[in-house]
Structure formats: C-alpha cells, structure tokens
Amino acid sequence: MDLHPTTRFKTGTQKHAAIKKALPNNVEKIWHAHWAVHDIEAWIWADHEALATYLGTRNLTYYGQPEELNSGTPPKEYLNRAFMQHKRRRYSETIDGTVLLGRINPMLVEQKCPHFAALRQTLHTHIDILS
C-alpha cells in the first residue's frame with residue numbers, strides 16, 4: 001500500500017494508524033504487517049553518522065526523526081539534497097541505498113524509527129521461536 005505522495009497525513013505515525021485501522025480486526029494473530037515509513041530511506045537517514053561518512057562530510061544537516069518527517073518532503077528527497085550538495089549527483093536507490101543499508105547500525109536506526117524497531121522485534125521473536 002503506497003501512501004505517498006499524500007497530504008492527508010502529516011507524519012508516519014498518522015499513516016501507520018490509518019493502515020492499522022484499514023486492516024481487518026485480529027489480523028495480527030494471523031500475520032504480522034510491518035512497513036518502512038517513508039520507505040527504507042528513513043532507515044538510512046536515521047544513521048546520520050554512517051550517511052555523513054559515506055558522503056565524505058562532517059557537515060550534514062539533520063532534519064529530525066526520519067519516520068516523522070513531513071510527507072511533503074520524505075527522507076529520500078533529503079537524501080537527494082545531501083547527495084547533490086556533497087557528491088554533485090542524486091541518490092541512487094540501487095547503488096547508494098544498497099551500500100548504505102549494509103553500513104547503517106540497526107540498533108541506532110531502531111532508536112530513531114519506532115516502526116523499524118517493531119519489525120526487528122517481530123523478527124527476533126520469530127527467530128527465537130524457530131531456534
């Protein structure tokens with residue numbers, strides 16, 4: 001379910017609540033639904049230090065909690081701006097996104113992205129059950 005672009009929701013938390021409301025009752029007993037609020041770029045934006053290192057700068061503007069950034073300017077657009085400023089090119093999901101996902105600290109991302117934290121917790125719970 002793609003909820004971007006939309007002006008109905010100001011934050012990722014509002015989108016999350018709308019999706020949960022649209023799902024059938026008790027659906028989480030059958031399966032677990034998780035999503036990346038603002039796509040995976042929110043996770044990349046959350047580890048500001050890894051991103052700054054990748055861009056080769058110490059001067060990177062931080063815009064706040066990645067999952068709560070205004071939907072009019074999602075984290076991917078902030079990444080594009082940072083890449084244009086420091087790399088003189090746009091952010092590439094397939095190249096930069098892949099590399100950065102391998103470099104970000106999941107525990108740091110978990111602190112800044114509650115929906116990512118919920119996904120990680122579900123995965124850990126089910127991995128422990130299977131072990």
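Predicted model: local features only at pLDDT ≥ 70, side-chain atom pairs only at ≥ 80, totals over all residues.
Residues are numbered from 1 along each chain as its sequence is written. Local features need pLDDT of at least 70 and side-chain atom pairs count only at pLDDT 80 or more, while totals for chains, interfaces and linings use all residues; side-chain values use heavy atoms, with hydrogens and water left out.

Start by colouring the chain by pLDDT (the predictor's confidence in each residue, from 0 to 100). The protein chain averages 80, and 72% of the residues score at least 70. Helices here are DSSP runs of H or I, at least four residues, numbered from the N terminus. Helix 1 (residues 12-22) has the lowest mean pLDDT of the elements, 70, and helix 5 (residues 93-103) the highest, 96.

A search of the whole structure finds four salt bridges, each a side-chain nitrogen of Lys or Arg within 4 Å of a carboxyl oxygen of Asp or Glu.

Select Lys-76 and Glu-93: their closest N and O atoms are 2.1 Å apart. Lys-76 lies in helix 4 (residues 75-86) and Glu-93 in helix 5, so the pair ties together parts 17 residues apart in sequence.

Stay in helix 4 and select Glu-77 and Arg-81, four residues apart, about one turn of the helix. Their side chains meet in a salt bridge at 3.6 Å, N to O.

Next, select Glu-110 and Arg-120, a salt bridge at 3.5 Å, N to O. Glu-110 is in helix 6 (residues 106-112) and Arg-120 in helix 7 (residues 114-130). Glu-110 is partly exposed at 29% relative accessible area; Arg-120 is buried at 19%. Buried means under 20%, exposed over 50%, and partly exposed in between (1.4 Å probe, protein chains only).

Note on methods: Helix = DSSP H or I, 4+ residues; strand = E, 2+ residues; numbered from the N terminus.
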